Amino acid sequence: MALNMIRKFPLLGQFGIQRYPLVGPVCSTRLLSTCSKGQSVCVACRCTSAGGCTRRQGCQKLQSDCGTRSLTTIVKEPIYVASSSVGLHRDSGPRFRLTQLHLPTAAEEEAFQQRLGSCSSSRQVFALLRSVEILSDTMAAAALNRVADLEQEGDSLKNPAVLEKDTIRALCFQLEQDSGRLTDAGLVSALLACTRLFLDPWSTLMVRLVSESQERLDRGQMSIGQLCTLGQAMLAIEGPDCVMLEQVMEQMQKQEPAQWSLADLIAAYRLLQGGISEDGKYQDLLNAMHTHAVTVTSSMDPPAVSGVLGALMTLNQTHAMPLVINLCKQAVRHVPHFTDEELTVVLGALMHFGHSDHYFVQAMERYVPTIAFTSHPETVTKVAQFFARRSILSPTVFDAVAESFVYRADDYSTSQVTRQIMALGKLGYLPPNAGEVFRKVETILRTRFSHFQPRTLLNLLHSCTLVERFPVNFVSKVFSSYFLQQLQEQDTGMDRIVLAQLTQLYLTLKLECPSYQGPKLLPKYRVKSFLMSGPSLETPVDTHLYNSVKNGLVDLLGARSYFGSKVLTPYCYTLDVEIKLDEDGYVLPASHIDEVYKRIALCIDGQRRFTTNTRQLLGKEAIKQRHLRLLGYEVVQIPYYEFEKLQDKTSVVEYLHQKIFPLTYRLSW
């Protein structure tokens with residue numbers, strides 16, 4: 001069968017081998033073993049000549065320093081019969097054997113898996129292998145998977161020389177020789193491990209494992225977990241169009257998800273997450289899995305919660321909200337126990353589905369201050385993003401993030417720096433150490449300016465202005481023709497939100513930095529309105545609240561003609577209501593253009609213009625009102641939490657009069 005190069009599987013390395021091993025792409029690395037001094041054995045071509053491999057395509061020789069070490073089976077006791085366990089001879093070199101008798105007990109296997117999970121380097125894994133006398137084939141495969149966990153870095157190994165180690169070569173050689181004797185679980189797990197170690201799919205080892213897996217698959221006796229492991233391996237080798245993978249899915253669909261174990265259910269999510277469920281394929285199976293998952297959510301541990309949420313996000317299962325809600329509730333219990341990678345996935349998924357739970361937020365508020373200085377930078381960044389995306393202003397969280405930013409930002413990527421500042425800008429929040437935070441931002445801009453992608457830089461500078469921080473020296477560079485050209489050439493190009501940010505940035509400099517003498521933003525890069533469909537620099541007025549205020553204004557002013565609605569100003573901002581006054585303080589008709597002495601801008605602020613848990617305006621609303629005042633408008637804020645308390649027409653009219661004309665006496669019409 002024709003084998004293609006491995007396709008990258010999403011979210012690699014998020015779980016240990018005891019938790020759903022993942023896959024990765026294959027590169028052409030072949031294993032060599034030695035059978036006697038001076039002779040090398042290529043696992044791919046079985047060449048034993050001193051000259052090496054004579055295959056047409058050749059092989060990569062891995063030089064051995066083990067001298068006379070042998071990879072042949074050494075029988076220590078005559079009662080051992082070749083079957084499905086690997087035994088290690090405890091002499092100077094690693095020597096493996098397959099045995100049927102004296103298999104490790106369940107307790108021994110569990111202890112081995114625990115020790116394996118605690119290994120922090122490949123050397124420790126090899127030492128562990130040498131310390132045990134008997135390994136089952138599943139233990140051997142788990143060891144290979146653990147090496148992959150520790151050595152994988154993107155699409156390659158951090159240290160390819162790890163494949164030259166005697167232990168790896170001996171283990172792979174024995175798996176090749178006795179592939180037919182392996183258990184189903186050991187076979188598919190070993191195949192998956194080989195893909196994660198980027199072994200050549202045309203090597204003898206890989207071909208034998210795949211061939212044997214096909215035979216076992218044809219028998220139709222594999223469990224769901226084994227089918228999922230085999231599916232991940234074949235997905236890595238041949239991609240989503242693999243015929244063998246389709247056979248795996250056919251067998252999985254014949255079984256009822258309601259009867260699956262929790263481990264099988266999570267393995268199935270992992271497999272489908274790999275890209276084989278595109279365009280709604282296998283959606284019926286997914287729906288049945290969702291139904292079952294809802295019933296077992298309370299039994300899920302941290303990696304399971306993170307894994308399922310990650311799969312739902314990747315598969316964009318927006319209709320599975322009952323499951324998302326249940327998983328969020330379960331996540332509350334696990335917040336202190338998530339790894340950085342797991343918490344990052346959980347937060348990303350909750351943002352994707354637009355869901356947050358009050359108890360989850362409280363758990364995060366307790367947890368974040370304890371890990372802000374030690375967690376992975378991406379995890380800290382994702383925390384800030386989550387709270388900002390959900391418009392939740394938590395001083396506890398953001399103060400901790402800000403404190404860690406001052407000390408750790410030099411190690412952050414430009415994207416992480418920008419996303420953390422964007423969170424502050426979105427919520428319009430300045431932490432107590434704001435001075436230190438923005439001095440650090442300026443230092444990063446000064447020392448790493450050329451490292452920023454154009455769109456990232458624009459987002460950072462724009463976010464600074466939302467909280468009244470103006471890095472003028474750097475903003476001026478944004479208006480240069482060179483930068484604007486770079487911005488146009490970036491993947492996203494000059495979409496409307498980019499043009500709106502540029503326009504508001506320029507307006508900010510003109511209004512709030514009067515000493516600015518740098519380049520101007522050319523008119524062709526300016527927008528006429530900040531209010532637009534989709535992402536926008538203004539929040540549309542709440543229709544219900546607007547209608548209530550409008551009716552009250554008609555009663556107050558005597559006619560609808562005395563105020564304008566949704567008025568677009570020459571400065572790109574849209575006024576919810578505009579009232580014009582002459583020099584004597586009399587209200588003019590909205591259509592009146594001449595002799596306008598004062599303009600009153602009513603900001604009818606519904607809930608969406610505030611953070612969800614406080615009465616603080618979002619950054620984009622705060623800058624709008626700040627700019628309107630600088631432009632000469634008298635800004636009158638009508639917040640929802642005040643207006644909703646009014647019980648009748650009289651109280652509404654009285655309220656509006658006090659807000660708009662606080663110094664005048666109102667006559668009854």
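Modeller: Let me start with the term we need for the strands: two strands pair if DSSP finds at least two bridges between them. Please keep in mind throughout that this is a predicted model.

Colleague: With that in hand, how many bridges join strand 9 to strand 11?

Modeller: Strand 9 and strand 11, the latter covering residues 598-605, run antiparallel. Within this pairing, Ile579 stands opposite Ile600 of strand 11. The number of bridges that join strand 9 to strand 11 is five.

Colleague: Which residue of strand 9 does Ser565 stand opposite?

Modeller: Strand 8, made of residues 564-568, is joined to strand 9 by four bridges, and the two run antiparallel. In the hairpin of these strands, which has five residues between them, Cys572 takes a positive phi near 80°. The residue of strand 9 that stands opposite Ser565 is Val577.

Colleague: And which residue in strand 10 is the bridge partner of Lys580?

Modeller: Strand 9 is joined by two bridges to strand 10, residues 587-588, and this pairing is antiparallel. The hairpin of strand 9 and strand 10 has five residues between the strands, and Gly585 takes a positive phi near 90° there. In strand 10, the bridge partner of Lys580 is Leu588.

Colleague: How many residues of strand 9 are buried?

Modeller: Strand 9 spans residues 574-581 and is mostly covered. Of its eight residues, the number buried is eight.

Colleague: Is Ser529 buried or exposed?

Modeller: Ser529 has its place in the loop between helix 22 (496-512) and helix 23 (543-557). Not counting residues up to four places away in sequence, Ser529 touches Arg496, Leu568, Cys572 and Thr574, while its side chain reaches the backbone nitrogen of Leu531 at 3.1 Å. Its relative accessible area is 14%, and because buried means under 20%, Ser529 counts as buried.

Colleague: Why is helix 22 described as largely enclosed by the rest of the structure?

Modeller: Helix 22 has 17 residues and reaches 24 Å from its first C-alpha to its last, close to the 24 Å expected at 1.5 Å a residue. The description as largely enclosed follows from how many of its 17 residues are buried, namely 14.

Colleague: How many aromatic pairs does a search of the whole structure find, and what is the angle between the planes of Phe360 and Phe386?

Modeller: A search of the whole structure finds 13 aromatic pairs. Phe360 and Phe386 form one that is edge-to-face, with 5.7 Å centre to centre, and this pair links distant parts of the chain, since Phe360 lies in helix 14 (residues 358-371) and Phe386 in helix 15 (residues 377-389), 26 residues apart. The angle between the planes of Phe360 and Phe386 is 85°.

Colleague: What kind of pair do the rings of Phe449 and Phe474 form?

Modeller: Phe449 is in the loop between helix 18 (434-448) and helix 19 (454-466), whereas Phe474 is in helix 20 (residues 472-478), 25 residues apart. At 21% relative accessibility Phe449 counts as partly exposed, while Phe474, at 9%, counts as buried. The ring centres are 6.1 Å apart and the planes are at 25°, so the pair of Phe449 and Phe474 is stacked.

Colleague: Which residue lies over the face of Phe449?

Modeller: Elsewhere, the charged end of Lys566 sits over the ring of Tyr546, 5.4 Å from its centre. For Phe449, the residue over the face is 4.6 Å from the ring centre, and it is Lys477.

Colleague: Is Ser391 buried or exposed?

Modeller: Ser391 is found in the loop between helix 15 and helix 16 (395-408), and has a positive phi of about 55° although it is not a glycine. At 12% relative accessibility, Ser391 counts as buried.

Note on methods
Residues numbered from 1 in each chain as written. Predicted model: local features only at pLDDT ≥ 70, side-chain atom pairs only at ≥ 80, totals over all residues. Heavy atoms only, no water. Buried < 20%, exposed > 50% of the residue type's maximum accessible area, 1.4 Å probe, protein only. Polar contact = N/O pair within 3.5 Å; in protein donor to acceptor, adjacent residues only side chain to side chain. Contact = heavy atoms within 4.5 Å. Expected span 1.5 Å × (residues − 1). Phe/Tyr/Trp six-rings, centres within 6.5 Å; stacked < 30°, edge-to-face > 60°. Lys NZ or Arg CZ within 6 Å of the ring centre and 35° of its normal.
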